[in-house]
Amino acid sequence: MKQVTWTFHTFRNVLKTCIAERDLSTGKALHALYFKSLIPSSTYISNHFILLYSNSRRLLSARNAFSATHDPNVFSYNAIIAAYAKESQTRLAHQLFDEIPEPDLVSYNTLISAYAERGETEQALGLFGRMREVGLDPDGFTISGVITGCCDDVGLIRQLHCVVVRGGFDWYVSVSNALLSYYSKNGLLEEAKRVFSLMGGMRDEVTWNSMIVAYGQHREGLKALGLFQEMVRRGFSVDMFTLASVSTAFTCVEDLLGGLQFHAKLIKTGFHQNSHVGSGLIDLYSKCAGGMSECRKVFEEIPAPDLVLWNTMISGYSQSDEFSEDAIDCLRHMQRVGYYPDDCSFVCVISACSNLSSPFQGKQIHALAIKSEIPFNRISVNNALVAMYSKCGKLQDARRLFDRMPEHNTVSLNSMIAGYAQHGIGMESLCLFEHMLQTNVVPTSITFISVLSACAHTGKVEEGRAGKLGEAERLIEAMPFSPGTIGWATLLSACRTHGNIDLAVEAANKFLQLEPSNAVPYVMLSNMYSRAGKWDEVAKMRKLMRDRGVKKKPGLSWIEVNKRVHVFVAEESSHPMIKEIHEYLEEMSRKMKKAGYVPDVRWALVKDDETVEGEKEIMLGHHSEKLAVAFGLISTREGEPILVVKNLRICGDCHNAIKFISAIAGREITVRDAHRFHCFKDGQCSCRDYW
């Protein structure tokens, strides 16, 4: 390069090429020549060096280049503000903005977009107002940025939509796309469809993708797939974002066969090795294939997995109790290859710790989250931690974290309300619900279900315990929103408690309309029929499950002892201490019977003519929760509380037996089942035999 005779134009053109191609090494060489004054100093050239370092994410070098500029102009400031904005350093970006003698439209747009990306609505709107006060007219980029910054303020976005229409900004494709995307993300599908329809011939690939995603998010997968076919027919180019959205559509309609065919087409086109498309496929298989083996195959075929792909794998593992330890291992692997967890990584892996009910693992992840200084979406991580501590039986830790959070949203309050309800501390749930209403935080269906559960456990709704299930059904049907599977599952549980099979069938049918492949309603009805001795109905339910391809989740119980999770199934034989466990249970059974315990053999759930005398009692004694409790008692210090987790509901006989065990062993035994916490102490349970 030393032998080249540089002219201003040649130097400028080579520098522009370096910026466009992000050729940092050549750019640095040019900068060295510039320092040696081989090219006359000019603000114009200096600005381009700021751009070079900004585009290459070298913030310190960009700042040094800016500081070395003798006469910075508005372009210089815009370039360095953009550099800080890319690194989410909006405070420093704003300080630089305030130094500009006369900020131009680009100055405002750059900072507004930076605030919008961080969800800092107030600051973005403040700049928008200031801009109009000084007489600058916004353009499409301004409006798009402000729309992006509106977060979940629906009223505000509707006002902005009026500004868009009155000002003619709807002719900017970027503005209409921003509106469409906003409405979609905030559950306003009809508004999104209206924007899409009015765009007509203006639609670009982003428009079509956004609408496909909108249908997918609202579980209207068939419409999403139809839109994709129309997009292809009209000749729009298909990119990785489109294909990922189509994978999401197959997931929404639970069309595994269609997803497999789509995967085959992706392999033919080579898109299956794209990290973004791979994320959609992993999500499809993790939610529809009933396992993670296909997900691992997809992951292993992608040569350069990015953070999003790792997060999707962690999310897939965390959706199942069976694979929750794999989720934690996946996070560790991701760290070893050089990726730092973001808010999504933490939310997913914390969920896995919740599934395992592993406070040791959860505290480790909590410490890692604190050290990571997550810049975005900290509230979602805190919400996940609150839920995790609640589900690990550490309710005081959950409340302590909740009280220290700088802000709360609906999810924060729902997590804490549900935590108290699951632990049977209903009054605290009701107090938080009152606080929620007073602070204008909008309750959801989950809020109301948790509050009703809390009422039931505190005697506030005695008619619930009196078995007024008809009123409960009418209440659910009269709700101004869909109660979802949680509402119908709650009613189904109440029917089981009170033995109302007819209403249980209705509740199960409502549940299955929402989630036809969920095994819970089938299993609960089958258990109710077996307890009532209606074995023909039991056989019908099991056949129905086989015909519909619904698989029952195997009952598992686990306990964490000395930082290790031990998992048990009914009739467990592989555990290294199974002999000692059986011996302990046999000795405990003799003591329990002397104290008045009578095994409830109805919970063996088998016909009399299929067993020999005494076999049902033996089967009950080998239920997974009893095995886990026995292991916990013989593996921990005298007087130490233990926590056992079961992935299904605790059986009635085990519930009664553990009450006796707690009194005889003099221990506090907590069992977290799929519905709530049962704290057994001195022969009593915190649920007061209502669950």
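Which exposed residues does the face of α16 turned away from its buried side carry? They are L257, Q261, K265 and K268, where exposed means over 50% relative accessible area and buried under 20% (1.4 Å probe, protein chains only).

These legends describe a predicted model, in which local features need pLDDT of at least 70, side-chain atom pairs count only at pLDDT 80 or more, and totals for chains, interfaces and linings use all residues. Residues are numbered from 1 along each chain as its sequence is written, and side-chain values use heavy atoms, with hydrogens and water left out.

**View 1. Helix α16 and its buried face.** Helix α16 spans residues 256-269; helices (H or I, at least four residues) and strands (E, at least two) are DSSP runs, numbered from the N terminus. The buried residues of α16 are G258, G259, F262, H263 and L266. Seen down the helix axis, these buried residues fall within an arc of 140°, taken from the directions from the axis to the C-beta atoms, so they line one face of α16.

**View 2. The end of α16.** Just after the helix α16, G270 takes a positive phi of about 85°.

**View 3. The strands β4 and β5.** Strand β4 (residues 669-672) runs antiparallel to strand β5 (residues 677-681), and four bridges join them, where two strands pair if DSSP finds at least two bridges between them. The two strands form a hairpin with four residues between them, and V671 has H678 in β5 as its bridge partner.

**View 4. The strands β5 and β6.** Two bridges join β5 to the antiparallel strand β6 (residues 684-685), with Q684 in β6 as the bridge partner of K681. In this hairpin, which has two residues between the strands, D682 takes a positive phi near 55°.

Terms used: The expected span of a helix is 1.5 Å times one less than its number of residues.
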